[in-house]
Amino acid sequence: MRLRVLVPLLLFGVLAITAILIPVGASIAQSRTQELQLQRAAAMQHIVQRAYSAFDTGDPSELEHYLERFVDTYGEAVMVVDASGNAVVSAGDIALDNEVAAVVAGALRGVPQWRLPTITPWSAGYAVVAEPVTLDGRTPEGAVVLRVDQESAQRDVAGSWATILAVGAALLLAVLLASVAWTRWVLRPVSALDAAANALAENRGFALDEAAGPPELRRLSRSFARMARSVELALDQQHGLVADASHQLRNPLAAIRLRIDALGGRPPDDPEIDEILAIERDLDRLEHTVTRMLTLANAEHRATAASSGHGAAAREASPRDIDEALLHVSAASLIDPHRAPLAAAGVAIVADERVHPVRFRLADLEEIVELLVDNAAKYAAGTTLTVEFQARNAGGSRDARTALVFSDSGAGLATTELPLVGTRFWRAPAHLRQPGTGLGYAIVVQLARANDAEMVVDHSPAGGLRTTIIASAS
């Protein structure tokens with residue numbers, strides 16, 4: 001955007017400076033040409049007067065002496081011819097060549113030959129002019145031919161034009177600097193707003209200089225800052241509402257649980273025992289949902305704080321600067337505590353024993369494993385679950401990544417359903433009759449974000465579902 005603003009300013013500046021310099025340069029050349037012409041016209045009149053005397057007396061000696069002094073003074077050749085066009089007196093390097101003969105012919109017809117073209121640095125070094133010499137005021141008795149030296153005038157014009165070009169270059173540089181400063185001043189808030197918008201979209205911190213730029217952009221910066229504060233406040237309130245609601249639901253749930261327990265001890269043939277057992281199952285589901293919602297709210301809060309990169313919550317949420325977060329674990333050690341429930345679901349386990357480095361908070365990694373194991377036990381019962389770490393070096397030690405891969409051989413999901421994995425409360429149509437909250441993968445996504453990691457879900461080579469958690473290894 002800076003170029004789109006800067007280029008037109010520079011273009012208009014160049015056009016304006018050129019529009020000024022070209023007439024000034026032409027005026028200087030014309031002025032110097034007129035000055036030279038006036039000087040030589042005065043000298044020509046003196047020569048014509050002396051030529052008139054020479055023709056009148058028939059003695060050219062005085063004229064010859066004057067012409068020699070003229071050549072010594074101006075360095076320009078001069079010639080006097082009679083009415084036939086023959087040279088009477090000459091001084092300097094001049095001869096009756098075609099160019100001289102042409103102007104002589106014009107002068108002998110009574111027409112002064114003063115056609116000095118506008119002098120420029122690339123003009124000819126001399127110009128030939130002629131003036132008729134008349135005795136009776138009508139019939140030319142001869143002519144005076146002057147070879148005007150234009151080199152001095154050319155140097156003057158060239159020097160003046162060089163000065164003008166230097167002034168133009170200085171003006172252009174000033175226009176450039178002013179345009180850059182102006183563009184920077186105008187666009188600084190725009191660049192800051194662009195960076196702030198990206199930071200807001202990525203839940204990162206940003207700073208806006210609300211006192212920079214034009215008044216309209218300053219007002220826009222202030223408006224954006226107010227909007228950003230409102231969005232952050234709304235997100236915090238949303239997370240807080242979920243967490244507070246989950247906490248508040250625990251108390252009535254506990255009270256209901258106590259009342260249901262107080263109804264226990266009834267004989268098995270009591271007609272209300274089935275209703276009580278159904279209520280207990282619904283309470284279990286509700287307590288599980290509340291627990292998952294509270295876990296999700298905490299994970300989202302930590303993930304948002306880690307992405308924003310500022311505040312105490314960010315330091316606690318993200319393992320980026322915590323040395324203890326660089327774990328050295330194996331897939332087998334993570335899956336060992338869950339072998340019993342997996343075996344009860346008929347899930348065979350293939351776990352890699354090799355130790356790999358991964359930058360992750362241990363509690364978060366264990367919770368992710370627990371959630372993925374719970375999913376495998378419910379939706380991939382009777383299949384084989386493969387758990388392994390894979391090293392992924394993207395471009396050197398700084399880009400080293402470690403992937404924790406869960407892959408089963410179950411039924412998996414349809415291709416159109418894969419993008420929905422991780423959406424809150426979403427469950428595959430085939431699993432709606434099975435117990436669950438639809439929050440497991442949503443929690444996994446947020447726990448991965450809180451550790452600068454990402455989750456990828458796709459089809460397993462064995463035909464089931466493959467979940468990959470990609471985190472830093474350094």
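A salt bridge is counted here when a side-chain nitrogen of Lys or Arg lies within 4 Å of a carboxyl oxygen of Asp or Glu. By this rule the structure has seven salt bridges. The structure is a predicted model, in which local features need pLDDT of at least 70 and side-chain atom pairs count only at pLDDT 80 or more, while totals for chains, interfaces and linings use all residues. Residues are numbered from 1 along each chain as its sequence is written, and side-chain values use heavy atoms, with hydrogens and water left out.

One of the salt bridges joins the side chains of Arg 32 and Asp 156, with an N to O distance of 2.9 Å. Arg 32 belongs to helix H1 (residues 2–57) and Asp 156 to helix H4, so this pair ties together parts that are 124 residues apart in sequence. Helices (H or I, at least four residues) and strands (E, at least two) are DSSP runs, numbered from the N terminus. The two partners can also be placed by their accessibility, for which buried means under 20% relative accessible area, exposed over 50%, and partly exposed in between (1.4 Å probe, protein chains only). Arg 32 is buried, at a relative accessible area of 14%, whereas Asp 156 is partly exposed at 36%.

A second example is the salt bridge between the side chains of Asp 352 and Arg 354, at 3.0 Å from N to O. Here Asp 352 is buried, with 16% relative accessible area, and Arg 354 is exposed, with 53%. In a further case, the side chains of Arg 466 and Asp 458 meet at 2.8 Å, N to O. Arg 466 has a relative accessible area of 25% and is partly exposed; Asp 458, at 23%, is also partly exposed. Elsewhere, salt bridges that share partners link Arg 32, Glu 35 and Asp 156 into one network.

Helix H4 spans residues 151–201 and holds Trp 185. Trp 182 is also in helix H4. Trp 182 is partly exposed at 47% relative accessibility, and Trp 185 is partly exposed at 35%.

Trp 182 and Val 5 are 177 residues apart in sequence, with 9.7 Å between their C-alpha atoms. Arg 184, which lies in helix H4, is 178 residues along the chain from Leu 6, and their C-alpha atoms are separated by 9.3 Å. At 42% relative accessibility, Arg 184 is partly exposed.

Another part of the model involves a pair of packed helices. Such a pair is described by the angle between the axes and the distance between them. Helix H10 (residues 362–379) packs against helix H11 (residues 440–450) at an angle of about 155°, and the axes are 10 Å apart. H10 is therefore roughly antiparallel to H11. Axes are lines fitted to C-alpha atoms, for helices over the stretch in contact, and angles run from 0 to 180 degrees between N-to-C directions. Angles under 35 degrees count as roughly parallel, over 145 as roughly antiparallel, 65 to 115 as roughly perpendicular, and the rest as oblique. The H10 and H11 crossing is left-handed, a term used if the near helix is turned anticlockwise from the far one by less than a right angle.

The loop between strand S9 (400–408) and H11 contains Phe 425. Gln 434 lies in the loop between S9 and H11 as well. Gln 434 is partly exposed at 29%, and its C-alpha atom is 8.5 Å from that of Tyr 379, at a separation of 55 residues in sequence.

Backbone angles remain. Most residues other than glycine have a negative phi. Phe 425 has a positive phi, near 65°, and is partly exposed, with a relative accessible area of 48%. Phi is also positive at Asp 452, near 55°. Asp 452 sits in the loop between H11 and strand S10 (454–459) and is partly exposed at 28% relative accessibility.
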